[in-house]
Amino acid sequence: MKRLLPIFLSMLVLATGIAVRAETDAEVQARKDALDVAGAFANDGFKIRDGHSCGIVKAHEHALVTVNLYAGNQYWFSAAAAEPAKIAVSVYDESGKQVTTESYNNGEKAAAGFSPMNSGQYFVSVDLVEGDGGSFCLVYSYK
Amino acid sequence: MIRLAKLGVLALGAVVFAATGATDTARLPGDQLQKAVRSDSISIPTPGELFAALGKSEKTNWSGQYRGPMPVTYRNRAQIALNLGGLIADGFIAVEAKDSQQVKNIGSDIIKLAKALGVSEHLLGRGKSINEFAENSEWDTLQEELEATQNEVKSSMQSHADQDLVILVTLGGWIRGTQVVTASIMQNYDERSAKVLRQPALVRFMQSKINEVSPQLRQEPLVRDVSEQLNGIEKLVSFPAGKPPGVDEVRKVNETVGKLMTEIESKELPK
């Protein structure tokens, strides 16, 4: 069952995701890839949140996404870029200070995991370390 | 600590794991934080996330948090949307309680309320799935199904040009979730549980979304009341980082959201 979860969720978000604008094919592909990364954490008991943030990240820049987290939970933020690139995911607290995370990096796929000490607002940064820029998608999972 | 071992199943080739961050210079300036993307689908946590955090630190009596059956014959669309959100939160509570019958009852009420909003056509399949998963005690899958149901309701609202109601569904879920969590913390207070209540930015974000809805909807008595009370709630959940709220502070939040929930459920709308 759990092995099928990423596939199921990929289909689910493709079919029913809340889109405020039509997503490009590149973003859809990036979302699928981000869900693949998140699916690995599902094997460890993490539930994938049925929500995402897709967009464009430019060369040597980052895209910043606001999340609200609960102390007591563990989180993994998984991202993927549609085009060949090297990306990284990092997390900042409400004051903008980077928090210590565990990281997974593999070219156009990356993830950061941590357990917040305090509930509240955090910022997830998807950094384009190498590449010309393009579409990315971010999803997260928690347990 | 979060385990990474299972990530190997990805078989993606070169993989690097490392602990990163927290250097003195790693700080983002305020103007960048202001420009960060905020959206309902990723910036507002689901009731399931809130309940997961609460469940870590205490043994919660989930079935003790049930409420009586609510009317599903509301006529005011804003009120239906708020109650639909609350009902979805009730579904998460029933899943936490691992109560098949309660999940099925709530699933049925969700469909009824969604029908009243005219967004039920795609949800009938979800209702069936909820029943099947409940009968088979597939609790993790049920939680995913509830989340998907909530998103499908919102998605359907957007395609029906009812996007202003989306934030009310989210808000209804947050209010009901907070009512349940504060009640549970009061029954068995501990600091770790109380930490989940610190969410001023979240309340501020929901308030900003309410301010973006059409003037007609914003002027509806119930929406106006909810919006006004959110200002007070934001102050009540603005605890300093690292300082969990005490029992009295938790009680104040519970009383305020409880009053708001009573108003949302009431058949008599405020004037």
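Keep in mind that the model is predicted. Over all chains, the salt-bridge count comes to 14.

**Between the chains**

- A:Glu94 and B:Arg198 make a salt bridge, with 2.6 Å between the closest N and O atoms.
- This pair crosses between chains: A:Glu94 sits in the loop between strand 5 (86-92) and strand 6 (101-106) of chain A, while B:Arg198 sits in the loop between helix 9 (191-194) and helix 10 (200-211) of chain B.
- On the chain A side, A:Glu94 has 35% relative accessibility, so it counts as partly exposed.
- On the chain B side, B:Arg198 comes in at 10% relative accessibility, which is under the 20% cut-off, so B:Arg198 counts as buried.

**Within chain B: B:Glu265 and B:Arg67**

- The side chains of B:Glu265 and B:Arg67 pair up in a salt bridge at 2.8 Å, N to O.
- B:Glu265 belongs to helix 13 (residues 247-265) and B:Arg67 to the loop between helix 3 (47-57) and helix 4 (77-96), so this pair ties together parts of chain B that are 198 residues apart in sequence.
- B:Glu265 counts as partly exposed because its relative accessibility is 27%.
- There's a network here too: salt bridges link B:Arg67, B:Asp90, B:Arg176 and B:Glu265.

**Within chain B: B:Arg77 and B:Asp162**

- B:Arg77 forms a salt bridge with B:Asp162, and the closest N and O atoms are 2.3 Å apart.
- The two residues are 85 residues apart and link distant parts of the chain, with B:Arg77 in helix 4 and B:Asp162 in the loop between helix 7 (139-159) and helix 8 (163-187) of chain B.
- As for accessibility, B:Arg77 is partly exposed at a relative accessible area of 34%, whereas B:Asp162 is buried at 16%.

**Helix 8 against helix 12 in chain B**

- The crossing of helix 8 past helix 12 is left-handed.
- Helix 8 brings B:Leu168, B:Leu171, B:Trp174 and B:Ile175 to the contact, and helix 12 brings B:Val223, B:Val226, B:Leu230 and B:Ile233.
- Sorted by class, this contact of helix 8 with helix 12 has eight nonpolar residues, no polar ones and no charged ones.

Methods
Residues are numbered from 1 along each chain as its sequence is written. Chains are lettered from A and ligands numbered from 1 in the order in which they are written. This is a predicted model: local features need pLDDT of at least 70, side-chain atom pairs count only at pLDDT 80 or more; totals for chains, interfaces and linings use all residues. Side-chain values use heavy atoms; hydrogens and water are left out. A salt bridge is a side-chain nitrogen of Lys or Arg within 4 Å of a carboxyl oxygen of Asp or Glu. Helices (H or I, at least four residues) and strands (E, at least two) are DSSP runs, numbered from the N terminus. Buried means under 20% relative accessible area, exposed over 50%, partly exposed in between (1.4 Å probe, protein chains only). A crossing is left-handed if the near helix is turned anticlockwise from the far one by less than a right angle, and right-handed if clockwise. Contact means heavy atoms within 4.5 Å. Ala, Val, Leu, Ile, Met, Phe, Trp, Tyr, Cys and Pro count as nonpolar, Asp, Glu, Lys and Arg as charged, and the others, Gly among them, as polar.
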